[in-house]
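Dear colleague,

Please read them with the structure open beside you.

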Amino acid sequence: MGKKNGLMVGIDLGGTSMTAVALDGRGRILASRKRSTCPDLGPEGVTRRIAATVRKVLNDLGTKSNRVQGVGIGAPGTVDPEKGVVLYAPNLSWQDHPLAKMLGRLLSLPVTLDNDVNAGAVGEHALGAGQGAGNLVAIFVGTGIGGGVILNNRLYHGSHGGAGEVGHIKILADGPLCGCGRKGCAEGLASRTAMERDMRPAG
């Protein structure tokens, strides 16, 4: 978890909102900020918005950024954790965006990237509902639907990095259009975005 007197920053990036938190070496949250993602800004604009949000968290904390050891970010969609690239994020309309490199340059800090639900699955396995379970599947419903898989106490990415992407499993032929461009995905039927879409006509 890092040195006891050091700080870390964790970022949860979603299609609708982003949250940045500063944590101490014991994993305790010391400050946090939540802002809208504004995907219309494009990948570079959103990345600058993330960097600005991190700076606000550090200002709130009253701590200089040189105490931060690194930044971890969970992004929606398929990512390449080794290269730090968001390969495809339909809810952000991103493709092949080098998020970790760009954010690291803006903050002058090392940045680690993974899929947001993979990061959530690791958190549940270590500190939440999955403690003590060697194998688990975590499913999170938000702007989209994502999943993370832990096998034998290790995060499983799969051969192409999308092992937990259950939201884009087709479950209804000729169903509603999903953000990925296909019809009938679980995400297009049961995500928060889909629920809001279906509730509007009833209102």
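In this predicted model, Val86 stands opposite His97, a residue of strand 7. The two strands concerned are strand 6, which covers residues 85–89, and strand 7, and they pair in the antiparallel sense over 3 bridges. They belong to an open sheet of 3 strands, arranged in the order 5-6-7 with antiparallel pairing. Strand 5 (78–80) and strand 7 (94–97) are the edge strands, each of them pairing on one side only, and from one strand to the next the twist averages 15°.

The other part of my notes concerns two helices. Helix 1, made up of residues 42–61, packs with helix 2, residues 99–107, at an angle of about 45°, and their axes lie 10 Å apart. Because of that angle, helix 1 is oblique to helix 2, and the crossing in which helix 1 passes helix 2 is right-handed.

On the side of helix 1, the contact is made by Glu44, Thr47, Arg48, Ile50, Ala51, Val54 and Arg55, while helix 2 contributes Leu99, Met102, Leu103, Leu106 and Leu107.

Key: Residues numbered from 1 in each chain as written. Predicted model: local features only at pLDDT ≥ 70, side-chain atom pairs only at ≥ 80, totals over all residues. Heavy atoms only, no water. Axes fitted to C-alpha atoms, helices over the stretch in contact; angles between N-to-C directions. Helix = DSSP H or I, 4+ residues; strand = E, 2+ residues; numbered from the N terminus. Parallel < 35°, antiparallel > 145°, perpendicular 65-115°, else oblique. Left-handed = near helix turned anticlockwise from the far one by under 90°. Contact = heavy atoms within 4.5 Å. Pairing = 2+ DSSP bridges.
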